[in-house]
Amino acid sequence: MIRAAVQDDPRQSRIAARVLRDAETVAVTLPALCEFVWVLSRGYKRAAAEIGSAIRHLIDSAPIAMDRPAVEAGLAVLLAGGDFADGVIAFEGRQLGGEVFVTFDARAARLIGAGGSEARLMSGT
């Protein structure tokens, strides 16, 4: 997915794009998307809006099998200034019956709480 998104190696990018285009179904796991976001943001220094667009393009352009509600939750947090993975983790926690997102990350707690879920910031002591 990274090669198809960043187009930084002409040969590998062509191959990756072809595989995505020609596949009957592309199964994209949440850990793979979290890694995709991390690599684009940290390795390629891409902005959140650009990463969000890349994920939307992936969703819209290939026969993708993924947990779309979890991806949407991750995108909402990413585009609000947080980490995609935090949104996915909070969503999956709620799906499993968790009532409160607990974290040491103040920004994550604020963004998850702003999204309508209960979030608790743990203290470092």
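Before we start, one definition: buried means under 20% relative accessible area, exposed means over 50%, and partly exposed lies in between (1.4 Å probe, protein chains only). This is a predicted model, in which local features need pLDDT of at least 70 and side-chain atom pairs count only at pLDDT 80 or more, while totals for chains, interfaces and linings use all residues. Residues are numbered from 1 along each chain as its sequence is written, and side-chain values use heavy atoms, with hydrogens and water left out.

**Exercise 1. The overall layout**

Describe the secondary structure and the extent of the protein chain.

Solution. 
- Step 1: Take the elements. The protein chain has seven helices and four strands, where helices (H or I, at least four residues) and strands (E, at least two) are DSSP runs numbered from the N terminus.
- Step 2: Along the sequence the pattern reads α-α-β-α-α-β-α-α-β-α-β.
- Step 3: Look at the extent. Along the principal axes, the C-alpha atoms fill a box of roughly 50 × 30 × 20 Å.
- Step 4: Look at burial and contacts. Of the 125 residues, 34% count as buried. With contact meaning heavy atoms within 4.5 Å, 45% of the contacts between residues at least 6 apart in sequence join residues at least 24 apart.

**Exercise 2. R3 and its partner**

Find the salt bridge partner of R3 and work out how exposed the two residues are.

Solution. 
- Step 1: Recall the general idea. Side chains of opposite charge can pair when their charged atoms come close.
- Step 2: Apply the cut-off. A salt bridge is a side-chain nitrogen of Lys or Arg within 4 Å of a carboxyl oxygen of Asp or Glu. R3 meets this with D8, the closest N and O atoms being 2.9 Å apart.
- Step 3: Check accessibility. R3 counts as partly exposed because its relative accessibility is 29%, and D8 counts as partly exposed at 39%.
- Step 4: R3 is found in helix 1. Leaving out residues up to four places away in sequence, R3 touches D8, D9, Q12, S13, A16 and Y44.

**Exercise 3. Another salt bridge**

How many salt bridges does the structure hold, and how exposed are R21 and D22?

Solution. 
- Step 1: The structure holds four salt bridges.
- Step 2: One of them joins the side chains of R21 and D22, at 3.5 Å from N to O.
- Step 3: R21 counts as exposed at 54% relative accessibility, and D22 is exposed with a relative accessible area of 53%.

**Exercise 4. Helix 4 against helix 5**

Work out how helix 4 and helix 5 are arranged and what makes their contact.

Solution. 
- Step 1: Get the geometry. The axes of helix 4 (residues 48-61) and helix 5 (residues 68-79) come within 9 Å and cross at roughly 160°. Axes here are lines fitted to C-alpha atoms, for helices over the stretch in contact, and angles run from 0 to 180 degrees between N-to-C directions.
- Step 2: Name the arrangement. That angle makes helix 4 roughly antiparallel to helix 5, because angles under 35 degrees count as roughly parallel, over 145 as roughly antiparallel, 65 to 115 as roughly perpendicular and the rest as oblique.
- Step 3: List the residues. Helix 4 contributes A48, A49, I51, G52, I55, R56 and I59, and helix 5 contributes R68, V71, E72, L75, L78 and L79.
- Step 4: Sort them by class. The contact has nine nonpolar, one polar and three charged residues; Ala, Val, Leu, Ile, Met, Phe, Trp, Tyr, Cys and Pro count as nonpolar, Asp, Glu, Lys and Arg as charged, and the others, Gly among them, as polar.
- Step 5: Look for a charged pair. The side chains of R56 and E72 meet in a salt bridge at 2.7 Å, N to O. R56 lies in helix 4 and E72 in helix 5, so the pair ties together parts that are 16 residues apart in sequence. R56 is partly exposed at 34%, and E72 is partly exposed at 35%.

**Exercise 5. I51 and its neighbours**

Is I51 buried or exposed, and which residues does I51 touch?

Solution. 
- Step 1: I51 is found in helix 4 and is buried, with a relative accessible area of 1%.
- Step 2: Not counting residues up to four places away in sequence, I51 touches V37, L40, S41, R46 and L78.
- Step 3: I51 and L40 are 11 residues apart in sequence and 6.9 Å apart in space, C-alpha to C-alpha.
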